[in-house]
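Reader: I would like to learn how to read a pocket and a helix contact. Please take them in turn.

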Amino acid sequence: MADSRHRFTRNLYIAVFSGAGILVALHVVATVMLLRALSVTLNPQALVPGILLVAGGGIVVGWFLLRRFISLVLKPAGRAAAIAQRVSQGDLRSISEQEARSDSRDMLTQSIFAMVRQLRVLVETIHGTAA
């Protein structure tokens, strides 16, 4: 499972950098078209700062958005999947308060922790009444 997550994350980074490359290509095309329409001679040295600025901006913004997506979507989904896999194998051991507290910002993981706690109480109740 970790391999597929790494592959997916790598593909996200490739998509971000490809998007930045497309943005640079569109910028160059638009700049060349604009300069030709204004009858200005094309000087490659004049194009380089704009290209670098657009490329840098595209990479920085894309990287920032991707990091936010990873931390707000992929990591909580990965934690939830790990907990669900553990529960599917019958492991209802107590989730430590430190583990639950470390994910307090993440509503998905909080809900999964609450579900496991309730399921554990239900199983203990059934065992108590069956004995």
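Reader: What does the lining of the largest pocket have by class?

Author: Rolling a probe the size of a water molecule over the atoms shows where empty space is left. In this predicted model, the lining of the largest pocket has four nonpolar, two polar and three charged residues. (A pocket is an open set of points on a 1 Å grid over the protein atoms alone, where a 1.4 Å probe fits, with protein on both sides within 12 Å along at least five of seven lines; lining residues have an atom within 4 Å of a point. Ala, Val, Leu, Ile, Met, Phe, Trp, Tyr, Cys and Pro count as nonpolar, Asp, Glu, Lys and Arg as charged, the others, Gly among them, as polar.)

Reader: Which residues line the largest pocket?

Author: They are R5, F8, T9, R67, I70, L74, K75, A77 and G78. Two or more come from each of α1 (2-37) and α2 (44-88), and α2 gives the most, with six residues. (Helices are DSSP runs of H or I, at least four residues.)

Reader: How do α2 and α4 cross?

Author: The axes of α2 and α4 (residues 107-130) come within 9 Å and cross at roughly 15°, which means that α2 is roughly parallel to α4. (Axes are lines fitted to C-alpha atoms over the stretch in contact, with angles from 0 to 180 degrees between N-to-C directions; under 35 degrees counts as roughly parallel.) The contact of α2 with α4 has 10 nonpolar, one polar and one charged residues.

Methods
Residues numbered from 1 in each chain as written. Predicted model: local features only at pLDDT ≥ 70, side-chain atom pairs only at ≥ 80, totals over all residues. Heavy atoms only, no water. Parallel < 35°, antiparallel > 145°, perpendicular 65-115°, else oblique.
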